[in-house]
Amino acid sequence: MRTTRVLSSFRVLRGVRAGGAGRAGRVVRAVGAGLLVLGAAASPAVADSSPSASPSDDDAPTSAGTSFRTATEVDQGQRATASASMGDYLYWSFPADAGQRPTVKATVKLPDAHASATWQVDVYDGLRRRQACQYGAQTRTAAQDAASVELSCTLRTVRAWSEPWADDPLPGTYYVRLTTVGLKAADLGLPVSAEVRIDSKDIGGAAAVDGSLAEPLVPGVAVAAKGDDSDEDSESSVAVLSSIEPDDGWASGWWSDRWVWTGVGGVLAALAGVGGYTLTRGAGRPRGVPPGA
């Protein structure tokens with residue numbers, strides 16, 4: 001009788017261990033499936049955040065505007081050059097979309113002989129609001145007889161939507177202004193050459209907000225008549241927006257990779273709930289053991 005009880009206890013213990021091992025295996029398989037889902041969902045987000053091919057410099061602009069209205073359009077990743085004189089105001093414009101963090105870099109090649117001068121690069125949004133630089137050397141003083149001076153300005157991340165009273169960067173056209181500050185009269189008019197390049201880092205869902213603009217802040221640059229009517233009054237004319245825009249168009253503002261991570265988090269939470277239930281529910285009575293044994 002005692003031997004029979006010992007054997008029965010051994011069978012119960014073995015059944016419990018086998019059931020625990022089976023449950024552990026199922027939990028491991030469930031977690032593995034969840035990690036596969038996470039990797040599959042994260043792959044498109046990583047692919048979307050990869051930098052796009054830079055545009056060719058063959059058609060890069062070789063001049064700069066002298067005001068906001070005459071600013072030369074330049075694409076991101078494209079190198080723009082211009083020849084000017086010390087004391088001129090040089091303007092370029094570029095598009096920036098939601099989720100991007102633009103960085104403006106400017107290099108000015110100075111004449112052989114000149115006095116010390118301070119150069120400054122400013123960035124304005126589509127409403128012509130001056131945007132603060134998050135970091136970078138926005139203002140630099142070129143020493144006497146220096147060959148060149150380099151400037152940079154990294155803006156805050158462009159938001160898809162913002163409060164009307166806020167000064168946040170919004171999708172649309174941005175203006176770059178390059179000029180000298182405190183120029184001496186003896187250096188006024190000396191020839192210089194400038195080079196500007198704008199690149200952006202895609203921040204992704206970390207900068208996503210709940211909302212979007214009805215239209216990007218792209219100001220009108222001209223007025224054209226509707227149809228064949230040449231009268232340019234308020235009823236028959238329409239503003240012609242700037243032709244500059246991102247290669248893949250303006251983002252709608254509602255989609256970001258934050259939706260992917262939210263969905264993946266929900267799937268992993270469900271898997272964790274199933275795994276916890278499987279581990280804690282118990283194996284029940286082992287097969288072959290009578291009730292009450």
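Just after helix H2, Gly 282 adopts a positive phi of about 85 degrees. The model is predicted. This briefing starts with that helix, then turns to the sheet, the cores and the aromatic rings.

**Helix H2**

- Helix H2 covers residues 258-280, which makes 23 residues.
- At 1.5 Å a residue, this helix should span 33 Å, and its end C-alpha atoms are 33 Å apart, so expectation and model agree.
- Which residues of H2 are buried? They are Val 260, Val 264, Gly 275 and Thr 278.
- An α-helix has 3.6 residues a turn, so residues three or four places apart point the same way.

**The open sheet**

- Five strands form an open sheet, and their order is S2-S11-S4-S9-S7.
- The pairing in this sheet is antiparallel.
- Strand S2 (79-85) and strand S7 (133-135) are the edge strands, and each pairs on one side only.
- On average, neighbouring strands of the sheet are turned by 35 degrees against each other, direction ignored.
- Inside the order, strand S4 (residues 100-109) pairs with strand S9 (residues 148-155). This pairing is antiparallel and runs over 7 bridges.
- What stands opposite Val 104 in S9? The residue there is Cys 153.

**The nonpolar cores**

- The largest nonpolar core has 31 residues.
- Within this core, Trp 92, Phe 94, Val 104, Trp 119 and Leu 178 touch the most other members.
- Another core lies apart from the largest one. This other core has 5 residues, including Phe 68, Ala 71, Tyr 91 and Tyr 175.

**Aromatic rings**

- The whole structure holds 4 aromatic pairs.
- Phe 94 lies in strand S3 and Tyr 174 in strand S10, so the pair ties together parts that are 80 residues apart in sequence.
- Are Phe 94 and Tyr 174 buried or exposed? Both are buried.
- Ring pairs also link Phe 68, Tyr 91, Tyr 124 and Tyr 175 into a cluster. Phe 68, Tyr 91 and Tyr 175 also belong to the core of 5 residues.

Note on methods
Residues are numbered from 1 along each chain as its sequence is written. This is a predicted model: local features need pLDDT of at least 70, side-chain atom pairs count only at pLDDT 80 or more; totals for chains, interfaces and linings use all residues. Side-chain values use heavy atoms; hydrogens and water are left out. Two strands pair if DSSP finds at least two bridges between them. Helices (H or I, at least four residues) and strands (E, at least two) are DSSP runs, numbered from the N terminus. Axes are lines fitted to C-alpha atoms, for helices over the stretch in contact, and angles run from 0 to 180 degrees between N-to-C directions. A nonpolar core is a set of buried Ala, Val, Leu, Ile, Met, Phe, Trp, Tyr and Cys residues joined through side-chain atoms within 4.5 Å. Buried means under 20% relative accessible area, exposed over 50%, partly exposed in between (1.4 Å probe, protein chains only). Rings of Phe, Tyr and Trp (its six-membered ring) pair if their centres lie within 6.5 Å; planes under 30 degrees apart count as stacked, over 60 as edge-to-face and the rest as tilted. The expected span of a helix is 1.5 Å times one less than its number of residues.
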